Amino acid sequence: MRTNLNHNRPLSGLRNVGILAHVDAGKTTVTERILYLTGTTHKRGEVHDGTTVTDFDSQERDRGITIFAAAVSCDWGGHSINLIDTPGHVDFADEVERSLRVLDGAVALFDAVAGVEPQSESVWRQADRHGVPRIAFVNKMDRPGADLDAAVDSIRERLHVTPLVVQLPMGEEAEFSGVIDLLAMRAYVWVGDTIAVGPVPDSLVEQAMRRRRLLEEAVAELHPVALEEFAARSTVSAETLAVALRELTLAGTGVVVLCGSAYRNLGIEPLLDAVVAYLPSPQEVPAVRGMLDGVVQERVADPGAPFAALVFKVSSTATGRLTYLRVYSGTIRKGETVMDAGVGRTERIGRILRVQADEHVEIQQAFAGDIVAVVGPKSARSGATLCSPTAPLVFEPPVVADPVVSVAVEARFGTDTDRLASALTRLVEEDPSLTVRTDSETGQTLLSGMGELHLEVAVEKVRRAHGLEVGVGRPQVTYRETVVRGVSGLVYRHVKQDGGAGQFAQITLDVEPLADDDFVFRSVVVGGRVPQEYVRAVEAGCRDALVEGPLGGHRVTGVRVTLTDGATHSKDSSELAFRTAGRLGLREALRASAMVLLEPVAEVTATVPEDAVGGVLGDLAARRGQISGTTARPGTMVIVATVPLAELFGYATQLRSRTQGRGTFVTRPTGYVPAVRSSESSSR
């Protein structure tokens, strides 16, 4: 693999780009073709052969899917591109979230037959939250049933964006052989690995002109300069279109759409040209914000500014602990000392590595805009800010979703218990969406994550990396509790006298349901009856009480607590006393409220043969599924249903059985709903 990239290029020549898509849309194949065409690799890797660069983990090759986000670098057209191939399976959405946090742009892949699929929509919304500019690539144009127009319609309807199609495909399905660039009005035809550029064939001139006109009209509706030119000349020049498309992409107002077939190496060169032409450099994205002593600070992508970087991934390798960074400002050099600003600890940078999936090339320094790995930091976690000790600040870390599925794990042999505990600790360090806790009732060690596959991969990683034999219990979902009818005016007095200084705190609480948030606390106490420092202590105590609800010890969510009154004692009141009163008072209020148990549900999208639809629908109904839609496709039916997550364990095996191995499904968590076995505790 070639790794001698141009590290002396200006920031304007750098692109930090992610590949986003639904599982099996072709992300890894697109990445492999990019590496091959840019000369980074000299042989095309194939997912089905287990020879890809980015799916280097043994589990990824065994399962044929991307599990861990992998970074690679390449050069194209005088630009350097840092590329992150992200997972497409919903269980690994946290990998996508952490990657999006450090990317400047993204390529969203869509299947030319299926269009926008459930996880395509989910990762698109994730990118929306981070404000990441995107271009779209409709892949698999050579498949039977491929339809660019239908895929574009699904982008418009399901993602609520304006697609700006800049290519016209040449040939349909198996006859797909090239594209017409609607800006340059030139034809790109591929024969093997060779691309021929020429005039538009006579048979396609009229259609190409019609598509160019549609593109001009769509751009003119969104871009004032293009509109002015279109009104004056009834056309928009290629130069104006190119500038407008870039500005619309950066603003998120429109999405440039290209097409091709990565497997057959068709359309990758224009895709790379579009990455360079339309996606931003680090200088063109807004300055990143951080906090210092409660004051917001901004850092621009300037190599001369104080050093600041965000840790977005941690992994253990045979050569040591690797900490992956996005450098937002300044320059970092080998041997320098940096600060983990969140905890105030200093770390030494032993080595700086340019990452090529599982291969690394040592470099002496990294600049603003770079994505690199470093060796040296011993305790920096994902989401940590590493910065100059003389100019500290803390960046907002990536959001980590709450786990929804748990399994009990234990070492087969008692002598391996300590080794298992150490392995699980390292596992959680590498993947923040995993949690480990000990069940207070059974004493079992519970590993929690985002789904069955997530936990399967995690346990298998422990087995392979540490040589441990691990027993695994049946998966269990994570329930929640919420208030459906609260209480008002509940008075709680905390008094403790056991010699010496005592404790005294009196509070009055209102508790009510909250639909749009997890927990909100407010105080309406007037006249200084409860000092502000004690109000904060009451809030902290209330948060403590939410950890275990009255129905089954599950976390309480969706509740608003209002502190309406209180009383203090001149000697015995303290923050500890009011925190205790907040905890015990809210527990009493929740026991007096009407509560309901919530269970996690998921949207299931099953694609099944027509002759198996009845059996699949009946099985979903038996699993308490609510059918929300069906779509007929040639020879198959797509069924969308909302099903309790607890009912989906083992569903893959059941679906294969009912469809003779021809059915597939994907899931997407959609939140919590009242459980069928819910119960209420009435006001006393």
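Is Arg-624 buried, partly exposed or exposed? With a relative accessible area of 28%, Arg-624 is partly exposed, because that class lies between under 20% for buried and over 50% for exposed. The model is predicted, and the points below begin with the confidence of that prediction.

**Confidence of the model**

- The protein has a mean pLDDT of 89, and 96% of its residues reach 70 or more.
- Residues 2-7 have a pLDDT that stays under 50, and the model gives this stretch 15 contacts beyond four places in sequence.
- Residues 678-684 also have a pLDDT below 50, with 18 contacts in the model beyond near neighbours in sequence.
- Where pLDDT is low, predicted coordinates should not be read in detail.

**Residues with a positive phi**

- Most residues other than glycine have a negative phi.
- Arg-624 is not a glycine, yet its phi is positive, at about 65°.
- Arg-624 is found in the loop between helix H14 (613-622) and strand E37 (626-633).
- Asp-293, likewise not a glycine, has a positive phi of about 55°.
- The loop that holds Asp-293 runs between strand E12 (288-292) and strand E13 (295-299).
- Asp-293 is exposed, because its relative accessible area is 75%, and the cut-off for exposed is over 50%.

- Pro-644 belongs to strand E38 (residues 636-644).
- The relative accessibility of Pro-644 is 4%, so this residue counts as buried.
- Leaving aside neighbours within four places in sequence, Pro-644 is in contact with Glu-599, Pro-600, Val-601, Arg-623 and Arg-624.
- Between Pro-644 and Asp-517 there are 127 residues of separation in sequence and 21 Å in space, C-alpha to C-alpha.

- Val-166 sits in the loop between strand E6 (162-165) and strand E7 (167-170).
- Val-166 is buried, because its relative accessible area is 4%, and buried means under 20%.
- Not counting residues up to four places away in sequence, Val-166 touches Ile-180, Asp-181, Leu-182, Leu-183, Leu-215, Leu-245, Val-256, Val-257 and Leu-258.
- The C-alpha atoms of Val-166 and Gly-115 are 17 Å apart, and these two residues are 51 residues apart along the chain.
- Thr-249 is part of helix H8 (residues 238-251), and Thr-249 is buried at a relative accessible area of 1%.
- Beyond residues up to four places away in sequence, the contacts of Thr-249 are Pro-133, Arg-134, Ile-135, Gly-254, Val-256, Tyr-278 and Leu-279.
- Thr-249 and Arg-134 are 115 residues apart along the chain, while their C-alpha atoms are separated by 6.6 Å.

**Ser-261, a buried loop residue**

- Ser-261 is located in the loop between strand E11 (254-259) and helix H9 (268-278).
- The relative accessible area of Ser-261 is 1%, so Ser-261 is buried.
- Ser-261 touches Phe-137, Asn-139, Lys-140, Met-141, Asp-142, Phe-176 and Leu-266, residues up to four places away in sequence not being counted.

**Helix H3 and its cover**

- Seven of the eight residues of helix H3 (residues 93-100) are buried, so the helix is mostly covered.
- The buried residues of H3 are Asp-94, Glu-95, Val-96, Glu-97, Arg-98, Ser-99 and Leu-100.
- Their cover includes strand E1 (14-20), strand E3 (79-85), H4, strand E14 (308-317) and helix H10 (417-430).

**Cavities**

- The structure has three cavities of 30 Å³ or more.
- The second largest cavity has a volume of about 40 Å³.
- Leu-20, Ala-21, Ala-108, Leu-109, Phe-110, Ser-120, Val-123 and Trp-124 line the second largest cavity.
- To this lining, strand E4 (105-111) and helix H4 (118-130) each supply at least two residues.
- The lining of the second largest cavity consists of seven nonpolar residues, one polar residue and no charged residues.

**Cysteines**

- Zero disulfides are found in a search of the whole structure.
- Cys-74 counts as buried, at 1% relative accessibility, and Cys-387 is buried with a relative accessible area of 0%.

Technical notes: Residues numbered from 1 in each chain as written. Predicted model: local features only at pLDDT ≥ 70, side-chain atom pairs only at ≥ 80, totals over all residues. Heavy atoms only, no water. Helix = DSSP H or I, 4+ residues; strand = E, 2+ residues; numbered from the N terminus. Buried < 20%, exposed > 50% of the residue type's maximum accessible area, 1.4 Å probe, protein only. Contact = heavy atoms within 4.5 Å. Disulfide = S-S within 2.5 Å. 1 Å grid on protein atoms, 1.4 Å probe; cavity = no way out; pocket = protein on both sides within 12 Å on 5 of 7 lines; lining within 4 Å. Points joined across faces, edges and corners; volume = space filled by probe spheres on them. Nonpolar A, V, L, I, M, F, W, Y, C, P; charged D, E, K, R; others polar. pLDDT = per-residue confidence, 0-100.
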